[in-house]
Amino acid sequence: MKSEVAMMKVRYMITMMLALAANSAEASPRAREAGVKIGILEPGPLNAITDVAGVKVGQVTINRGDHVHTGVTAVLAHGGNLFQDKVPAGFYAANAFGKFIGSTQVVELGEIETPILLTNTLNVAEAAAGAVEWTLAQPGNEQVRSVNAVVGETNDGYLNDIRGRHVTIADARRAIESAKGGPVEEGAVGAGTGTVAFGWKGGIGTSSRRLPVSLGGWTVGVLTQTNYGGVLNIAGVPVGVRLGRYDFKAEIEQKKADGSVVVIVATDAPLSDRNLKRLAERAFAGIARTGSAFSNGSGDYAVAFSTSPAVRRTPARRAAVATVEDLPNDRTSALFQAVAEATEEAAINSLFAGRTVKGDQGTIEALPLDKVLPMLGLQPPR
């Protein structure tokens with residue numbers, strides 16, 4: 001048994017080293033670094049979901065030969081006991097052709113009590129089990145008898161041997177346990193390792209917006225798992241048309257229109273779960289701007305939460321009638337603008353960070369930035 005565990009650890013370390021080497025070898029500029037400016041608001045210092053104080057992201061990337069490209073991405077609202085100190089949350093399904101475990105309880109109670117995990121369609125059960133195991137193991141949860149794991153997915157079955165169900169419960173727990181603040185790796189990593197967007201290599205993308213003090217000074221951060229289709233637009237330019245690769249060209253000449261996208265939204269604004277649902281809805285304004293029409297077979301989901309201590313649902317607040325802050329409806333519009341911009345940029349960042357991947361059913365190329373950037377009036381990377 002000990003030798004088997006040791007071998008599993010060795011295999012995991014080799015997988016991680018290969019993944020890091022592959023990504024670092026083909027590193028590309030992020031959209032903003034390349035000169036692509038999306039929207040009117042400024043990003044936070046990292047231009048990532050982790051610009052929202054306390055938010056942590058962990059990722060496990062699994063690449064094995066040409067046939068296995070998958071993984072897990074975990075987002076934690078804070079570094080404490082998430083089950084005891086729950087965060088208010090809202091959930092929205094733009095098109096519900098997919099699986100999103102835990103969503104009904106988020107809708108019903110307006111709160112999240114575990115890390116949010118993303119993975120592939122057929123490994124949702126393992127990700128949920130990992131979140132449950134991790135939650136039960138936290139000090140203070142010894143008497144917990146029910147856990148609402150929150151897990152989203154997209155189908156990475158073109159590049160990944162999805163029927164092999166290669167993500168394990170241990171992988172999900174490692175993603176949670178490795179979560180940290182700071183820069184977030186993008187592209188073919190974590191839950192985005194085997195995903196495809198607009199016929200190009202998609203993946204994990206992130207971005208943020210910080211409102212000016214006059215509008216509250218709040219931060220909105222977004223992380224996306226892109227695996228969807230449409231007619232790619234970047235900063236309003238019909239890149240997909242100019243590249244000759246888009247949905248419904250010659251009745252889906254090469255790629256089908258269906259696909260999925262999951263958006264995770266974090267903010268430090270003291271929002272109620274009702275207004276967090278409204279914030280989640282507005283994320284899809286950003287996805288629409290990238291060229292998605294939310295096709296019939298697409299699972300398009302967004303979940304938004306607030307990290308503000310003023311609205312956190314602590315044991316003391318749950319035990320009695322409590323007073324919490326609540327940002328008025330009339331002050332939410334700037335946050336809606338922020339989430340639309342950050343979501344659009346996060347999705348584009350996932351494409352900019354893409355790398356060509358030879359997978360289970362074929363090869364998906366990276367977005368050709370040498371062709372795309374001149375279309376935007378910008379110099380290609382050297």
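For pairing, I count two strands as paired if DSSP finds at least two bridges between them. Helices (H or I, at least four residues) and strands (E, at least two) are DSSP runs, numbered from the N terminus. The model is predicted, so I kept to the rule that local features need pLDDT of at least 70 and side-chain atom pairs count only at pLDDT 80 or more, while totals for chains, interfaces and linings use all residues. Residues are numbered from 1 along each chain as its sequence is written, and side-chain values use heavy atoms, with hydrogens and water left out.

**Entry 1: the five-strand sheet**

I began with strand β6 (residues 116-120), which runs parallel to strand β7 (residues 150-154) and is joined to it by five bridges. Across that pair, threonine 119 sits opposite glutamate 153 of β7. Both strands belong to an open sheet of five, ordered β1-β2-β6-β7-β4, with mixed pairing. β1 and β4 (100-101) are at the edges with a single partner strand each, so one side of each has no neighbour in the sheet.

Next I checked β1 (residues 56-64). Seven of its nine residues are buried, where buried means under 20% relative accessible area, exposed over 50% and partly exposed in between (1.4 Å probe, protein chains only). β1 runs antiparallel to β2 (residues 68-76), with nine bridges between them. Valine 57 faces valine 75 in β2. Three residues separate the strands in this hairpin, and glycine 65 has a positive phi near 65°.

**Entry 2: the helix across that sheet**

Helix α3 (residues 124-137) lies across β2, β4, β6 and β7, at about 155° to β6. Axes here are lines fitted to C-alpha atoms, for helices over the stretch in contact, and angles run from 0 to 180 degrees between N-to-C directions. Contact means heavy atoms within 4.5 Å.

How do α3 and helix α4 (residues 169-177) cross? Their axes come within 7 Å, at roughly 55°. That makes α3 oblique to α4, since angles under 35 degrees count as roughly parallel, over 145 as roughly antiparallel, 65 to 115 as roughly perpendicular and the rest as oblique. I noted that α3 contributes Trp134 and Gly130, among others, to the contact, and α4 contributes residues including Ile169 and Arg173.

**Entry 3: the six-strand sheet**

The other sheet I looked up is open too, with six strands in the order β5-β3-β13-β12-β11-β10 and mixed pairing. β5 and β10 (204-210) are its edge strands, each pairing on one side only.

I went through some of the pairs. β3 is antiparallel to β5 (residues 111-112) over two bridges, with proline 88 partnered by glutamate 111. β3 is also antiparallel to β13, over seven bridges, and there asparagine 95 has aspartate 300 as its bridge partner.

α6 lies across β3, β12 and β13, at about 40° to β3. α8 lies across β10, β11 (219-227) and β12, at about 150° to β10.

The buried residues of α6 include Leu276, Leu279, Phe284 and Ile287. Their cover includes β3 (87-96), β12 (260-267), β13 (299-306) and α8 (333-352). Just after α6, glycine 291 has a positive phi of about 115°.
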